[in-house]
Amino acid sequence: MNQTDLIHIAENWFKSKNWKAFPFQKKTWKAFLDGKHGLLNAPTGSGKTYALWIPIVLQYIQENPEYKTKHVKGLKAIWITPLRALSVEIKQAAQRFADELETGLTVGIRTGDTTQSERAKQKRNMPDLLITTPESLMLLLASKGYEKTFKTLTAVVVDEWHELLGSKRGVQMELGLSRLKTISPLVRIWGISATIGNLEQAQEVLLGKNTAVSSSAVERSIKNSDSKKKVSTAVDQTKESVLIKANLKKKIVVKSIIPKKMETFPWRGHLGLHLLDDIIPIIKDSKTTLIFTNTRSQCEIWFQKILEKYPEFAGEIAMHHGSIHKETRIWVEEAIRNESLKAVVATSSLDLGVDFAPVETIIQIGGPKGIAKFLQRAGRSNHRPGEPSVIHFLPTHAMELIEASALKKAVKGDVMEDRIPYLLSFDVLIQYLVTLAVSDGFYPKELYPEIKNTFCFQGITEEQWQWCLNFITMGSQSLQAYDEYKRVLVDDKGRFYVDSRQTAMMHRLSIGTIVSDAMVQVKYVTGGFIGTIEEFFIGKMKPGDVFVFAGRTLELVRVRNMVAQVRRSSKRTRNVVSFMGGRMALSSQMSEILRNELQSEAEHKRDTPELKALSPIFDRQEKESIVPGTNEFLIETFKTREGYHHVFYPFEGRFVHMAMSGLLAYRISLLSPITFSLAYNDYGFELLSDQPLDIQNVLDNTLFSSDYLFTDLQKSLNSTELARRKFRDIAVISGMVFTGYPSKQIKTKHLQSNSQLLFDVFRDYEADNLLYQQAFRETFEHEMEEGRLRLALDRIASQEVVWKQCEEATPFSFPIITDRLREKLSSEKLKDRIKRMTLKLMK
């Protein structure tokens with residue numbers, strides 16, 4: 001059967017559904033059947049699953065003309081998804097097409113939620129298509145005889161590639177793909193990505209430096225193949241890759257929920273719940289509404305408050321986030337599909353690709369901090385090709401309305417963030433080497449070219465490679481005396497392998513690159529699993545304390561063996577479970593469009609409803625100071641009973657401001673002895689001192705220069721302490737520190753102390769240790785965003801500095817001051833304090 005006939009089969013199937021295939025789908029089918037690798041760029045809800053599952057099935061039909069009567073066993077395709085929640089949806093779509101064409105092809109799921117019995121069944125007889133996650137793929141590579149499992153593989157599809165790119169899970173994926181390409185030279189690698197700024201680079205990272213098939217791989221494949229002709233033909237075809245863009249303009253409508261009364265002095269978190277009544281008509285007018293929050297604790301609060309004020313929604317509203325029990329999450333996903341729920345309050349656990357056709361409306365609580373995340377969430381609304389997506393934006397403080405106004409323009413102008421890939425992540429490489437050693441072992445000479453062909457490790461040297469091999473066999477220079485670090489052995493033929501069952505088991509339990517704080521299970525005293533929460537939260541509580549989790553008010557009875565036993569409580573409490581990582585920072589593109597939006601205000605255009613609504617704030621800001629344009633850098637100084645406030649406005653995001661405030665404080669202290677308290681948010685930062693600061697002196701000495709940035713940063717922010725924290729994750733990923741068995745997790749404080757001990761050993765005796773050096777590199781590149789900080793300083797150097805000596809706090813500085821108070825006061829005391837401050841300023 002030729003290619004035209006095959007594509008005709010797919011088109012007829014589409015017709016039977018009253019659908020019409022998009023040009024990008026047909027292009028993808030043809031490119032895949034031509035044997036090419038590629039990256040498909042298409043928006044949410046455009047039929048991406050069928051763009052790649054259909055050609056996989058068509059290829060099977062082409063190679064097996066008797067497919068209706070004779071089923072060829074063996075794994076044919078792997079579909080990798082970053083989120084477990086997506087797998088059910090993909091399976092349903094894939095199985096539907098396979099069944100209706102009577103192919104006999106089976107689809108299976110293998111994730112952390114897959115039962116032990118189902119895994120054992122898959123081991124005996126693999127499905128034709130396996131939907132899995134990066135971590136589960138690595139677990140398959142850690143099993144004996146994995147080459148036999150993968151030798152029949154013809155396709156790997158990495159879904160939502162933009163979510164993996166720029167993370168260590170992405171590096172894990174690069175390494176896994178490098179192995180699969182060697183085992184199965186005929187395999188076609190395809191990625192699916194929503195729009196990101198650096199699509200071409202995303203394609204390069206996915207496919208590696210060399211996607212052509214090597215001669216040694218051909219020889220291996222011919223040995224395992226019935227048809228030499230089929231192999232050589234495929235080799236000729238796989239020498240190039242394609243980037244296919246859907247070019248589907250999905251209309252996105254952004255509607256801001258604007259408060260009827262705008263306060264002149266806004267503060268973070270204050271406004272959100274005041275607007276709760278405004279979202280109720282939106283929920284009632286829609287069949288199904290997804291309410292997205294940025295954090296799990298925010299998700300808990302909104303769910304609780306909606307039910308508290310509108311009890312009639314009981315049974316019609318649910319909550320979905322990563323810490324809730326798996327069965328509850330699956331129930332919520334099914335309930336959305338069959339329209340039995342009116343609304344779901346969710347976090348990013350429902351951001352991606354789950355095809356909820358009935359969802360009509362999306363509400364975003366608070367600034368999403370990134371354009372891509374906002375568009376992804378908007379795409380959940382009217383998840384059908386051609387339908388406009390509607391997203392309602394609810395600000396948690398007034399200044400976020402500027403973000404809403406900026407987002408509207410970003411949507412129109414197709415502005416999109418880049419995802420910066422990791423380089424030389426030695427911790428992930430070491431974990432991967434032990435994975436291969438645990439299964440069938442490896443020969444370094446054969447493996448090195450594969451590693452070198454990945455984007456992440458293209459720059460690895462022979463010396464660094466040898467160091468990694470020494471590390472897994474001897475435990476690095478300063479750990480050679482300890483047997484526990486000698487995990488891998490070398491046989492007479494030079495094969496690296498693991499023969500200890502305990503080492504193998506501990507490694508399999510530790511596979512993965514997402515390092516979170518130790519998780520504590522939450523169970524009822526009478527039995528019944530509710531979910532998991534981080535140890536740091538439960539560690540602050542004592543028996544009898546009441547908290548809100550998974551939408552229930554619970555009383556802590558006791559904590560035993562990393563299990564928090566609880567009972568239902570009728571007491572009222574403000575103690576909502578909170579999680580680490582609760583504050584995100586503005587992306588660089590988001591910061592830029594925000595500055596451009598302020599330029600519009602500086603020119604008094606006020607050309608959007610959001611900017612018009614902010615008139616009281618802007619008018620007061622201009623009365624006390626100015627609204628800076630894109631060519632201006634604003635500095636405000638004023639005195640209160642707390643001391644002398646010096647506020648700077650780069651509008652570059654929280655992390656850059658954290659680094660910049662420390663850098664500036666350090667450089668000022670070199671001119672004259674002075675002590676500062678630092679505070680920062682996404683818009684600016686504050687240096688508070690007990691004596692006035694000569695700003696002109698700061699400017700004359702060019703303290704915002706990017707010269708000597710790296711050295712000054714190291715001294716200003718105690719980079720050793722930041723690197724020490726980063727090293728904990730590296731120690732866990734590389735296997736130096738074991739996180740514990742499922743029933744007996746090691747406590748966070750013990751993990752921290754174990755990794756700190758190793759950090760100190762390397763600092764004192766082995767400063768050239770690659771993992772120790774990586775901790776500093778990642779701290780500067782990812783934590784402090786050194787590259788972005790450098791660009792910000794260079795931009796400030798070219799701007800006109802406007803120094804305003806104010807009489808009192810301005811609307812722009814008020815959120816920064818109150819954020820600093822938040823760290824010192826309880827929520828009730830903070831509310832009273834801010835109320836008094838606001839009344840004083842309004843006088």
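Residues are numbered from 1 along each chain as its sequence is written, and side-chain values use heavy atoms, with hydrogens and water left out. Because the model is predicted, local features need pLDDT of at least 70 and side-chain atom pairs count only at pLDDT 80 or more, while totals for chains, interfaces and linings use all residues.

User: Which strands stand at the edges of the open sheet of 6 strands?
Analyst: Strands (E, at least two residues) and helices (H or I, at least four) are DSSP runs numbered from the N terminus, and two strands pair if DSSP finds at least two bridges between them. The sheet has parallel pairing and the order β8-β13-β12-β9-β11-β10. Each edge strand has a single partner, so one side of it is left without a neighbour in the sheet, and these strands are β8 (252-256) and β10 (317-320).

User: What is the bridge partner of L290 in β11?
Analyst: Strand β9 (residues 289-292) runs parallel to strand β11 (residues 343-346), and 4 bridges join the two. Within β11, the partner of L290 is V344.

User: At about what angle to β10 does helix α14 run?
Analyst: Axes are lines fitted to C-alpha atoms, for helices over the stretch in contact (heavy atoms within 4.5 Å), and angles run from 0 to 180 degrees between N-to-C directions. Helix α14 (residues 296-309) lies across β9, β10, β11, β12 (361-365) and β13 (389-394), and its angle to β10 is about 170°.

User: How many residues apart are D128 and K76?
Analyst: Their side chains meet in a salt bridge (2.4 Å, N to O), a term that requires a side-chain nitrogen of Lys or Arg within 4 Å of a carboxyl oxygen of Asp or Glu. D128 is in the loop between α5 (116-124) and β4 (129-132), whereas K76 is in the loop between α3 (48-63) and β2 (77-80), and the separation is 52 residues.
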